[in-house]
Structures are given as structure tokens and as C-alpha cells.
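Have a look at the model first.

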Amino acid sequence: MELSKKEIIEILKSNDKSIFKTADEVRREYVGDGIHLRGLIEFSNICKRNCLYCGLQSANRSVKRYRLSKNEILTLAKKGAKDGYKTIVLQSGEDDFYTTDLLCDIVSEIKSLGVAITLSIGEKNFEEYKAYKEAGADRFLLRIETTDENLYKKMHPYADFANRRRCLYDLKRLGYETGTGCLVGLPEQSVESLADDILFFKELNADMVGIGPFIPHPQTPLKTQPVGNFELAVKVMALTRVILPDINIPATTAMESLREDGRMFALQSGANVIMPNLTDEFHKKMYEIYPNKVSITGLELENKISQTGRFIVSDSCGFRKNN
Ligand code: 5AD
């Protein structure tokens with residue numbers, strides 16, 4: 001469906017909630033009732049960046065930092081593959097300890113398990129992205145966070161908006177299924193800029209889009225800021241579904257952290273993906289991007305999904321092209 005910026009803004013500002021139902025119908029028509037699970041491994045919480053909102057920012061000295069070894073990562077990935085996950089997502093802070101050679105080595109070993117691989121490791125150059133792709137990576141997640149350049153500058157000291165855009169276009173050019181997304185509820189973020197975020201997803205032709213409400217972390221400069229609006233975040237997600245009908249959209253953990261069964265609500269408002277956390281309990285606690293990060297997996301999750309009349313896809317990797 002084509003929507004103008006003006007129409008998007010109107011929907012975001014109005015009290016009308018029919019967009020949730022519309023997005024649910026579009027989701028059913030284009031990608032069906034199946035839910036794809038992506039098993040997430042948070043392999044390092046060390047990060048050289050200082051994103052104001054993120055609990056893992058390098059300035060936060062109270063985080064216990066960790067890095068998983070290649071063997072630890074492979075052990076988690078093997079367990080995931082054995083438990084039936086068809087996609088493994090490797091996520092970390094921007095941690096230069098993992099050289100291109102080491103990452104490629106890890107990617108190709110995981111690839112031999114017969115799963116799809118998604119990387120979520122931040123901004124790299126074209127040659128690095130190319131090397132991971134050749135080693136077997138299929139997808140890459142890199143949220144633009146916000147398309148409001150002024151706000152982007154404030155939120156990301158020393159970072160460069162143009163470079164982030166460049167990364168996303170390089171990933172597309174290299175043939176990755178490319179995921180992006182934004183935060184909803186950053187300080188001073190306007191509804192107009194959220195409309196621009198949605199139009200950016202369309203311009204990029206993103207294959208995946210993850211949207212989450214901003215949740216203030218007590219050890220960051222944004223600790224006293226108000227938490228993002230849950231319904232507004234789901235609205236941004238629902239509009240994204242309507243505008244990019246065949247893409248993969250996760251019901252994000254941040255939504256679940258703000259509201260009980262928030263992810264189930266998201267699944268009924270356009271989402272078709274869930275990313276259960278496969279990181280071991282010890283390290284999971286230290287990967288605190290925002291507080292109270294929930295994680296339900298296994299039977300509990302399956303029960304909730306079947307209560308909504310949906311089912312978990314177990315026989316495909318869930319690429320956009322199959323949708
Ligand atoms: N609240 C919600 N989401 C956050 N992220 C980082 N910090 C926060 C926060 N305080 C999101 C960013 C990032 C993703 C991995 O986590 O959008 O891309």
C-alpha cells in the first residue's frame with residue numbers, strides 16, 4: 001500500500017487503532033500465519049561506541065564485560081540448531097577483538113550446521129561485509145535508529161549518519177537480506193521523523209524491520225527520560241507492515257519488556273518473527289541494553305503462539321524471498 005508522509009503522520013497522531021487490524025490482515029495475506037524463530041546469541045557486550053540510550057555504551061563502567069570464544073559460540077549455535085532453530089543470529093557490541101578472519105571462521109562453521117546466519121555486529125566497511133557474506137552470512141541487522149540527522153548526532157557521539165546509511169546500502173548491494181529499524185520515544189523525537197523512518201525503510205527496500213520502544217537505562221545519560229510509548233511503537237511497526245507487505249518483522253523484546261504479552265500484541269499487529277535468546281543465563285544478564293529485558297523461550301513461547309492461532313515454521317529458514 002502506498003501512503004504519503006502526510007497520511008502516515010495522521011495515522012501516528014490519531015487515536016484510531018484500526019491500523020493494527022489492517023496490518024494483521026496484510027501480514028496474513030502476504031506472509032501467512034507462520035512465525036519464524038531466530039535464535040539469538042549475544043557473543044560480546046564490549047562496545048567501542050557511546051550511544052546515549054544503550055546500557056552497553058563504552059562509558060558505562062558498571063557493566064561486567066565479556067567475550068565468548070569461538071568454541072563457546074559454536075556450542076551455543078549447535079545447541080540451537082539441534083533444538084530446531086533454522087536461523088542463528090550473532091549479535092555483539094562493536095568489538096574489534098573479532099577480526100574479519102575470526103568472524104568468517106565462526107560464520108562458516110555455523111553455516112555447516114545447515115542454518116541461515118544473521119549478523120548484527122555494527123558498522124563495518126564494504127570489504128568486511130563482503131568477506132562475511134562469502135563465508136556464508138545470509139542476513140545483517142543494522143538499525144538506522146532514527147533518520148532525524150540532528151537527533152542522530154545527539155544520540156551518537158562521534159558517529160556519522162552518512163556512514164550508517166552507507167553500511168545499509170552496501171549490505172543490500174552485497175546481496176544480504178538487510179534488516180534495519182528504529183527506536184520509538186527517543187528524547188525530542190518527532191512524529192514527523194518517525195514517518196521519515198518508515199519512508200526510509202521503503203526507500204532502502206529493507207527485508208526486515210525491527211521497531212522497539214526506547215527504555216531508559218539507569219546507567220546512561222538518558223536515565224531520567226520518559227519511556228517510549230508502547231502503542232506508538234506498535235503503530236510504527238504496523239505501518240511498516242502495510243507499506244512493505246512481504247518483509248519479515250519481529251515482535252521485539254523491548255515491546256515485551258514494556259507490557260505483558262507485548263510481543264503477542266505485536267504478532268497480531270503485523271509481526272511474524274520472534275527472536276528467542278540462546279545466550280547462556282550467566283552472560284545473558286550482562287547483555288543489558290536496557291533494563292528488565294525479558295526472555296521467554298521453549299514451551300512457554302510455543303503455548304502463547306498457539307493461543308493466538310498461529311504456528312511456528314519448522315521447515316524453512318524464512319527468507320523474504322519465500323514469503
Ligand atoms: N531501549 C530500547 N532499545 C534499545 N536499543 C539500545 N538501547 C536501547 C534502549 N535503551 C536497541 C537499539 C539497537 C538494538 C540492538 O537495541 O535500537 O539497535
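Let's start with a helix: α4 (residues 100-111) lies across β2, β3 (87-92) and β4 (116-120), and runs at about 150° to β4. Helices (H or I, at least four residues) and strands (E, at least two) are DSSP runs, numbered from the N terminus. Angles, from 0 to 180 degrees, are taken between N-to-C directions of axes fitted to C-alpha atoms, for helices over the stretch in contact. Helix α8 (residues 191-204) also packs on the sheet, where it touches β6 and β7 (contact means heavy atoms within 4.5 Å); its direction makes about 180° with that of β6.

This is a predicted model, in which local features need pLDDT of at least 70, side-chain atom pairs count only at pLDDT 80 or more, and totals for chains, interfaces and linings use all residues. Residues are numbered from 1 along each chain as its sequence is written, and side-chain values use heavy atoms, leaving out hydrogens and water.

The sheet itself is open, with six strands in the order β2-β3-β4-β5-β6-β7 and parallel pairing (at least two DSSP bridges between two strands). At its edges are β2 (39-44) and β7 (208-213), each pairing on one side only. Between β5 (residues 139-141) and β6 (residues 177-184) there are three bridges, and Arg-139 stands opposite Glu-177 in β6.

Now the cysteines: the disulfide count is zero, taking sulfur atoms within 2.5 Å as the rule.

| Cysteine | Nearest cysteine sulfur |
|---|---|
| Cys-104 | Cys-167, 16 Å |
| Cys-167 | Cys-51, 13 Å |
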